[in-house]
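Open the model in your viewer and keep the selection tool ready.

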Amino acid sequence: MKKYKIIIVGAGASGILASISAAENNASVLLLEKMSREARKMLISGKGRCNITNTAYKSEFYKKIHPKPKFLKHAFSNFFSAEILNLLESKGLKTKEERGGRIFPVSDKAADVVNALLQIANDKKIKIIKDAKVEDIISEDKKIKAIKINIKGKHEIIETENLILCTGGKSYPATGSTGDGYILAEKLGHTITDLKPALVPLKTEGNLAEKLQGLSLKNSNVSIWINNKKVSSEFGEMMFAHYGLTGPVILTLSKIAIDAFDKKNNVEISIDLKPALDEQKLDNRLQRELNENGKKQIRNVLKNLLPTKLIPVILELTEIDQYKVCNQISGKERKKIRIILKNLRFKVSGHRGYKEAIVTSGGINTNEIDSKTMMSKIVKNLFFAGELIDLDGETGGYNFQIAFSTGWLAGQSASNSDKN
Ligand SMILES: Cc1cc2nc3c(=O)[nH]c(=O)nc-3n(C[C@H](O)[C@H](O)[C@H](O)COP(=O)(O)OP(=O)(O)OC[C@H]3O[C@@H](n4cnc5c(N)ncnc54)[C@H](O)[C@@H]3O)c2cc1C
């Protein structure tokens with residue numbers, strides 16, 4: 001029976017990186033993936049464009065990662081954004097920077113990122129077996145001996161000197177990330193912190209969002225209110241969907257929303273549709289529009305201020321007849337419009353769950369992992385990387401960087417394991 005120096009479970013972002021770094025030392029490496037192809041999640045990431053990483057300095061990265069960002073100090077000092085971009089460039093992948101320091105491939109194709117990484121793995125002669133689900137881990141005296149895999153119904157046992165678990169979280173289970181790693185690690189004595197979907201679209205009460213379905217706002221200021229108290233705000237892009245709200249700023253605020261919602265608090269989202277104008281400036285602007293267009297209907301004049309789809313909704317909420325001409329709009333009605341434009345409110349009624357969550361918050365307790373090596377403090381020849389660990393980032397390329405950096409360090413440490 002062939003025995004590998006390192007077996008890696010899961011060919012996502014962290015697993016592929018772990019395999020590449022493990023192979024740097026000429027170790028015999030086997031990468032196992034339960035799906036019929038590698039990196040399914042990466043292929044759909046960033047709306048098919050893959051936001052690879054971010055240009056932010058490490059100090060900024062730490063602010064975007066929860067709950068213990070400094071756990072990543074060694075992983076980041078060993079392999080950070082420049083290193084992943086250099087690695088990709090070695091296969092000719094060119095990248096570009098977009099808003100908020102987000103890095104994407106110039107081609108806008110996530111598949112190009114995956115292909116570049118797989119080409120590197122191929123150059124390093126890493127053996128990859130697909131459709132291979134790791135079902136169990138065989139250990140003795142706190143040391144892993146072998147794994148049990150199921151390849152299309154055929155069971156096999158493969159021996160290994162080291163094991164790296166890179167099975168991802170529970171979010172977007174259709175991509176293969178169904179939380180297997182938590183069960184495998186728990187059996188080996190690890191504890192899993194509270195698991196929750198994170199960066200997830202929010203469901204809202206009523207049919208307001210449904211009426212605005214498909215509308216995307218590029219420059220909105222969105223606040224979250226818990227029990228009538230404003231707790232956080234984000235500026236940027238958001239979208240309306242048939243069930244509620246989504247898009248980058250909503251996903252970022254979803255963590256606070258879910259925590260508060262789970263505690264049965266009243267959660268509301270308020271959208272400032274005119275963040276560049278304070279109340280007074282907005283009032284002046286409205287007054288000017290109404291004065292200059294006295295004979296025109298309000299529904300037409302509001303086009304100077306708002307996307308067309310919003311107009312009937314705003315007029316319905318303010319109970320103003322859309323055919324009313326501007327010189328008949330009273331001061332009270334103008335005030336109503338101003339208030340709604342600065343504070344379009346939605347009551348949160350839930351979230352879209354793991355099925356649509358970008359990441360899972362919670363995971364293997366970082367207190368049980370040596371941050372210098374990614375090695376388990378419980379089982380000597382076991383390593384962890386990626387979303388499986390209790391770490392999650394905000395949108396902007398932070399989650400892939402967590403996966404790349406922890407994957408690289410885990411692979412490197414496992415290949416040096418006999419020197420430790
Ligand atoms: C829609 C969407 C868009 C995203 N966009 C971005 C983005 O643009 N930028 C960003 O930074 N992050 C993004 N993310 C988050 C990012 O994709 C994840 O954080 C990242 O993929 C985690 O990498 P990972 O290797 O830990 O896990 P995964 O990518 O989930 O990979 C885990 C792999 O393990 C395999 N596996 C699981 N169990 C077993 C088993 N028992 N045996 C064998 N194989 C197994 C799975 O099939 C899977 O291939 C996005 C996520 C989603 C859902």
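Helices (H or I, at least four residues) and strands (E, at least two) are DSSP runs, numbered from the N terminus. This is a predicted model: local features need pLDDT of at least 70, side-chain atom pairs count only at pLDDT 80 or more, and totals for chains, interfaces and linings use all residues. Residues are numbered from 1 along each chain as its sequence is written.

Select Lys 47. Lys 47 sits in helix H2 (residues 40-48). Its phi is near 55°, a positive value in a residue other than glycine.

Next, select His 66 and Pro 67. A cis peptide bond joins them, with omega about -10°. Pro 67 belongs to the loop between strand S4 (65-66) and helix H4 (73-78). Most residues other than glycine have a negative phi, and most peptide bonds are trans.

Now show helix H1 (residues 13-23) with helix H6 (residues 110-123). Their axes come within 9 Å and cross at roughly 30°. Axes are lines fitted to C-alpha atoms, for helices over the stretch in contact, and angles run from 0 to 180 degrees between N-to-C directions. H1 and H6 are therefore roughly parallel to each other (angles under 35 degrees count as such).

Finish at the second largest pocket, which holds about 300 Å³ of space. Select Arg 99, Arg 102, Glu 234, Phe 235 and Thr 395: of the 18 lining residues, these are the closest to its centre. A pocket is an open set of points on a 1 Å grid over the protein atoms alone, where a 1.4 Å probe fits, with protein on both sides within 12 Å along at least five of seven lines; lining residues have an atom within 4 Å of a point. A volume is the space filled by probe spheres set on the points, which are joined across faces, edges and corners. Strand S14 gives the most to this lining, with four residues.

Note on methods:
Side-chain values use heavy atoms; hydrogens and water are left out. Angles under 35 degrees count as roughly parallel, over 145 as roughly antiparallel, 65 to 115 as roughly perpendicular and the rest as oblique.
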